[in-house]
Amino acid sequence: MKRLALISCCLLLATASAAIAKTVIYSGAHHGSFPSKPSKLKYSAGETGTTQSVKAKDLDWKNWGDSKATSTATVTLCSDSAGCFTTSDASVKAKKREVIDTIGYYRKLVVYFGQNAIKFSLPTP
C-alpha cells in the first residue's frame, strides 16, 4: 500500500513538473517569441491595443503553468505623446491558459501599475 502511494505521488509530481515546463507566453521581444516563465516581457503599442508600449522585467512568477500566473515586476510604459514612465511597484497577471498540441499558452495579460491596468490579448502560434 505504501508503495502504491509513493508511485502515485511520484506520478503527480512528474505531471505537475511537465505542465510547468510546457507553458509559454508570447513576448514581442526578439521579433516575437514564446518563452517559458520569462524574466522579462516586451509589447509594442500595437500589441497592447493602446497608445502605450510595455516592458516588464524582474519577473518572479507564482503559479506558472496554472490557469493564472502572477508576478511582481518593474514596468516601463512608453507613449509617443507622454514619453516613458518606469515603476517598480507593478505586477503582471497571465491568464486564460489554453493548451494547443500539448503546450499551454497564456492568452491574456494584465499589467497593473498604481491604480491603473492595461489588459490585452496574446497570440498563439
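Reader: Which pattern does the chain follow along the sequence?

Author: This is a predicted model, and its chain reads α-β-β-α-β-β-β-β-β along the sequence. In total there are two helices and seven strands.

Reader: How many of its residues count as buried?

Author: The chain has 125 residues, of which 32% count as buried. As for contacts between residues at least 6 apart in sequence, 35% of them join residues at least 24 apart.

Reader: What does the largest nonpolar core consist of?

Author: It has 23 residues, and those with the most contacts inside it are I25, Y43, W61, V75 and L109. At least two residues of this core come from each of strand 2, strand 3, strand 4, strand 5, strand 6 (103-113) and strand 7 (116-121).

Reader: Staying with W61, what does it touch?

Author: Leaving out residues up to four places away in sequence, W61 touches K37, P38, L41, A69, T70, S71, V92 and A94.

Reader: On to aromatics. How many aromatic pairs does the structure hold?

Author: There are six aromatic pairs. In one of them, the rings of F34 and Y105 have centres 5.6 Å apart and planes at 85 degrees, so this pair is edge-to-face.

Reader: Which parts does that pair tie together?

Author: F34 is in the loop between strand 1 and strand 2, whereas Y105 is in strand 6, so the pair ties together parts that are 71 residues apart in sequence.

Reader: And are those two residues buried or exposed?

Author: F34 counts as partly exposed, because its relative accessibility is 29%. Y105 has a relative accessible area of 9% and is therefore buried.

Reader: What about the rings of W64 and Y106?

Author: Their centres are 5.1 Å apart and their planes stand at 65 degrees, so the pair is edge-to-face. W64 lies in the loop between strand 3 and strand 4 and Y106 in strand 6, so parts 42 residues apart in sequence are tied together. W64 is buried at 4% relative accessibility, and Y106 is buried with a relative accessible area of 0%.

Reader: Which residues do ring pairs link into a cluster?

Author: The cluster consists of Y26, F34, Y43, Y105 and F120.

Reader: A change of topic: how much space lies in the largest pocket?

Author: The largest pocket holds about 180 Å³ of space.

Reader: Which residues line it?

Author: The lining is formed by A29, H30, K40, L41, K42, K55, A56, K57, T74, T76 and T86. Strand 2 (40-43), strand 3 (53-57) and strand 4 (68-79) are the elements that give two or more residues to this lining. By class, three of the lining residues are nonpolar, four are polar and four are charged.

Reader: Now the backbone. Which residue other than glycine has a positive phi near 60 degrees?

Author: That is K96, which is found in strand 5 (residues 83-100). Most residues other than glycine have a negative phi. K96 has a relative accessible area of 55% and is therefore exposed.

Reader: And what is the phi of H31?

Author: H31 has a positive phi of about 65 degrees, although it is not a glycine. H31 is in the loop between strand 1 (23-25) and strand 2, and at 85% relative accessibility it counts as exposed.

Reader: Next, T23. Where is it found, and what does it touch?

Author: T23 is found in strand 1. It is buried, with a relative accessible area of 0%. Apart from residues up to four places away in sequence, T23 touches S36, K37, W64, G65, R97, G104 and Y106. Among these contacts, W64 is also part of the ring pair with Y106 described above.

Reader: Lastly, where does T124 lie, and which residues is it in contact with?

Author: T124 lies in the segment after strand 7. With neighbours within four places in sequence left aside, T124 is in contact with F34, I100, Y105 and R107. T124 is partly exposed, with a relative accessible area of 24%.

Reader: How many residues apart in sequence are T124 and E98?

Author: They are 26 residues apart in sequence, and 9.2 Å apart in space from C-alpha to C-alpha.

Key: Residues numbered from 1 in each chain as written. Predicted model: local features only at pLDDT ≥ 70, side-chain atom pairs only at ≥ 80, totals over all residues. Heavy atoms only, no water. 1 Å grid on protein atoms, 1.4 Å probe; cavity = no way out; pocket = protein on both sides within 12 Å on 5 of 7 lines; lining within 4 Å. Points joined across faces, edges and corners; volume = space filled by probe spheres on them. Helix = DSSP H or I, 4+ residues; strand = E, 2+ residues; numbered from the N terminus. Nonpolar A, V, L, I, M, F, W, Y, C, P; charged D, E, K, R; others polar. Buried < 20%, exposed > 50% of the residue type's maximum accessible area, 1.4 Å probe, protein only. Core = buried A, V, L, I, M, F, W, Y, C linked by side-chain atoms within 4.5 Å. Contact = heavy atoms within 4.5 Å. Phe/Tyr/Trp six-rings, centres within 6.5 Å; stacked < 30°, edge-to-face > 60°.
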